[in-house]
Amino acid sequence: MEGYLNAIKQGLFNGQVRVSKHAQERLRKRGYSKKDIVIAIMKGTITEEQERKGHVRYVIESIDSYNDPIVVVFTKGKDELFHIVTVMPPHDARRFHQLI
């Protein structure tokens with residue numbers, strides 16, 4: 001999974017990361033910024049791989065610009081771009097290491 005995280009990091013610098021409409025709404029509702037997403041990608045680790053609707057999603061656990069825990073969920077589209085599916089604070093102790 002580290003290779004996939006490195007590909008996402010590279011995608012950031014190459015303009016290959018897109019924020020879905022749902023993720024944009026979650027950013028606003030939850031008080032996150034695009035800066036938080038960049039920090040999360042650069043400092044985080046992939047902790048889950050999920051299969052949903054024929055697509056693989058990757059869950060990145062990290063910190064935001066305030067050093068608070070954050071979770072970013074990605075998928076790779078048929079267009080070969082990385083798509084942020086959602087952004088959320090980690091609350092589930094069964095899934096996440098750092099909780100809010």
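Start by selecting Tyr4, which is buried at a relative accessible area of 15%, where buried means under 20%, exposed over 50% and partly exposed in between, with a 1.4 Å probe and protein chains only. The model on screen is predicted, so local features need pLDDT of at least 70 and side-chain atom pairs count only at pLDDT 80 or more, while totals for chains, interfaces and linings use all residues. Residues are numbered from 1 along each chain as its sequence is written, and side-chain values use heavy atoms, with hydrogens and water left out.

Rings of Phe, Tyr and Trp (its six-membered ring) pair if their centres lie within 6.5 Å, and planes under 30 degrees apart count as stacked, over 60 as edge-to-face and the rest as tilted. By this rule there are two aromatic pairs. The ring centres of Tyr4 and Phe82 are 5.5 Å apart with the planes at 80 degrees, so this pair is edge-to-face. Because Tyr4 lies in helix H1 (residues 2–13) and Phe82 in strand S5 (residues 82–88), the pair ties together parts that are 78 residues apart in sequence; helices (H or I, at least four residues) and strands (E, at least two) are DSSP runs, numbered from the N terminus. Now include Tyr58, which forms one aromatic cluster with Tyr4 and Phe82.

Next, display the strands as a cartoon: five of them form an open sheet in the order S1-S5-S4-S3-S2, with mixed pairing, two strands being paired if DSSP finds at least two bridges between them. The edge strands, each pairing on one side only, are S1 (17–19) and S2. Strand S2 runs antiparallel to strand S3 (residues 55–63), and seven bridges join them.

Within S2 (residues 45–52), select Gln50, which is buried with a relative accessible area of 12%. Its bridge partner in S3 is Arg57. Leaving aside residues up to four places away in sequence, Gln50 touches His55, Val56, Arg57, Val59 and Arg95, contact meaning heavy atoms within 4.5 Å.

Finally, bring in the helices over the sheet. Helix H2 (residues 21–30) lies across S1 and S5 and runs at about 30 degrees to S5; axes are lines fitted to C-alpha atoms, for helices over the stretch in contact, and angles run from 0 to 180 degrees between N-to-C directions. Helix H3 (residues 34–43) packs on the sheet, where it touches S1, S2, S3, strand S4 (69–76) and S5, and its direction makes about 95 degrees with that of S3.
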